[in-house]
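Dear colleague,

Please find the structure below, followed by a short account of what was found in it.

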Amino acid sequence: MEFDVVVLAGGGSTRFGGVDKALLVLDGVSLIDRVLTATKAAVSTVVVGPERGVCRAVEWAREDPPGGGPVAGIAAGLTIGRAPVVVLVSCDLPWITADDVTRLVDGVGERDGFGLLDTDGREQWLAAAYRRTALVEALKRVGDPQNKSVRRLFLGLDLAWSKPTRAGDDVDSWADLDD
């Protein structure tokens, strides 16, 4: 099934002292390039955040105003692409692979979405595939997306989740890179 990708990469990286988390390097590859490599089969890819040098061609978008949070980033990213499934990922998923992305897309089935659980069993809404129509409707229900909760956005959607997996682990602290 064809899919588009929206990569959220516009956060302030406050837990990293303002260092651009997307450009942190693990095993010689930036976190954003690891995500972009895993999602290279997409029909279109948009990165929501400031433009940076990355490993492949992408389109860029920004929430308006910048810094409005992930729901505003999702809204900005959905303006690009037309595939029926959207893989929504944050830029800080260094262990996600192309096979994981394929499993996400294939896992949607008749549901609104299918996402990864991290190794602690937490639902990773920003490591999931969604029906575009479900995301658009969820955004309409939320209204103004500025500083809205991701949990609120996905409330009421019919979602299924993987078994806990390292692919769903994101990098929220320096210690996460040492694992």
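Cysteine 91 is buried, with a relative accessible area of 7%; buried means under 20% relative accessible area, exposed over 50%, and partly exposed in between (1.4 Å probe, protein chains only). Cysteine 55, by contrast, is partly exposed at 42%. With a disulfide defined as a pair of cysteine sulfur atoms within 2.5 Å, the count is 0. For cysteine 55 the nearest cysteine sulfur is that of cysteine 91, 13 Å away.

This is a predicted model, in which local features need pLDDT of at least 70 and side-chain atom pairs count only at pLDDT 80 or more, while totals for chains, interfaces and linings use all residues. Residues are numbered from 1 along each chain as its sequence is written, and side-chain values use heavy atoms, without hydrogens and water.

Helices (H or I, at least four residues) and strands (E, at least two) are DSSP runs, numbered from the N terminus. Helix H2 (residues 70–77) has 6 of its 8 residues buried, so it is largely enclosed by the rest of the structure. Among them are Val71, Ile74 and Ala76.

Strands pair if DSSP finds at least two bridges between them. Strand E7 (residues 113–117) runs parallel to E9, joined to it by 4 bridges; glycine 113 has leucine 159 of E9 as its bridge partner.

With kind regards
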